[in-house]
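Dear colleague,

Please find below the structure that I am handing over to you.

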Amino acid sequence: MSEFIQRRARLLASMEPNSIAIIGAAKEKTRSRDTEYAFRQDSDFFYLTGFNEPDAVLVLAPDLAEPCTLFCRAKDKMAEIWSGRRLGPEQAQIQLGFNHADSLDGLEDKLLALINGHPTLYFAQGNDSQFDDLIWQCINTLRNGPKRGFKAP
């Protein structure tokens, strides 16, 4: 675990002051109807987190009180019967050493609040069009809302 914490710390130290990085995890891919391909986590995401579940998001911001935040799927007993156990936000925070972990519920609003006011945003485009769309939607909302106190990167 400390290896991943050290990697996040090195990345945070190399980032510009008052910047933010958002890294998305891999998603499950359907092969046919109800059969998925074997899941493989995004290499960059796993390198920084050690978290091997789909649909998660890592946010790194050196200027925040909680510089390392993980958003992941919440515990759900019924879903876990079909797709396997989930770590959940509480255990992810404890076991993987994040400053904060939260569920994916309301992710767009949470990202808006985190991105707002940071002049520099790091994120890799082109790996996942849905994730790209989410980030661009947040940026456009921030660009169109200076009267509401929004400031886009």
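Predicted model: local features only at pLDDT ≥ 70, side-chain atom pairs only at ≥ 80, totals over all residues.

Residues are numbered from 1 along each chain as its sequence is written, and side-chain values use heavy atoms, with hydrogens and water left out.

Helices (H or I, at least four residues) and strands (E, at least two) are DSSP runs, numbered from the N terminus. "Buried" means under 20% relative accessible area, "exposed" over 50%, and "partly exposed" in between, with a 1.4 Å probe and protein chains only. Strand β1 is largely enclosed by the rest of the structure, because 6 of its 6 residues are buried. S19, A21 and I23 point one way from β1, while I20, I22 and G24 point the other way.

Two strands are said to pair if DSSP finds at least two bridges between them. β1 runs parallel to strand β7 (residues 120-122), with 3 bridges joining them; T120 is the bridge partner of S19 in β7. With β4 the sense is antiparallel, over 4 bridges, and there V57 is the bridge partner of G24.

**Strands β5 and β6**

Strand β5 (residues 68-72) pairs with β6 in the parallel sense, over 4 bridges. F71 has D102 as its bridge partner in β6. Strand β6 (residues 100-103) has a covered face, formed by A101 and S103, and an uncovered one, formed by H100 and D102.

**The nonpolar cores**

In soluble globular proteins, nonpolar side chains tend to be buried together. A nonpolar core here is a set of buried Ala, Val, Leu, Ile, Met, Phe, Trp, Tyr and Cys residues joined through side-chain atoms within 4.5 Å. The largest such core has 19 residues, of which I20, I22, V59, L111 and I135 touch the most other members. At least two residues of this core come from each of β1 (19-24), β4 (57-60), α5 (107-115) and α6 (129-143). Helix α6 supplies the largest share, 6 residues.

Contact means heavy atoms within 4.5 Å. Leaving aside neighbours within four places in sequence, the contacts of I22 include V57, L58 and V59, as well as L111, I115, F131 and I135. A second, separate core of 18 residues includes I23, F51, L60 and L96.

**The largest pocket**

Grid points are joined across faces, edges and corners, and the volume is the space filled by probe spheres set on the points. The largest pocket holds about 440 Å³ of space. Its lining comprises 21 residues, and G24, A25, A26, D42 and N127 lie nearest its centre. The elements giving two or more residues to this lining are β1, α2 (43-49) and α6.

By class, the lining divides into 12 nonpolar, 2 polar and 7 charged residues. In this count Ala, Val, Leu, Ile, Met, Phe, Trp, Tyr, Cys and Pro are nonpolar, Asp, Glu, Lys and Arg are charged, and the others, Gly among them, are polar.

**Individual residues**

Helix α6 contains C138, which counts as buried at 0% relative accessibility. Not counting residues up to four places away in sequence, C138 touches E108, L111, L112 and I115.

F150 is found in the segment after α6 and is partly exposed, with a relative accessible area of 22%. Beyond neighbours within four places in sequence, F150 is in contact with N116, T141, L142 and G145. The C-alpha atoms of F150 and I115 are separated by 9.4 Å, although these residues are 35 residues apart along the chain.

N18, in the loop between α1 (2-14) and β1, has a positive phi near 60° in a residue other than glycine. D55, in the loop between α2 and β4, likewise is a residue other than glycine with a positive phi, near 70°. N18 is partly exposed at 30% relative accessible area, and D55 is partly exposed at 24%.

With kind regards

Definitions and conventions: 1 Å grid on protein atoms, 1.4 Å probe; cavity = no way out; pocket = protein on both sides within 12 Å on 5 of 7 lines; lining within 4 Å.
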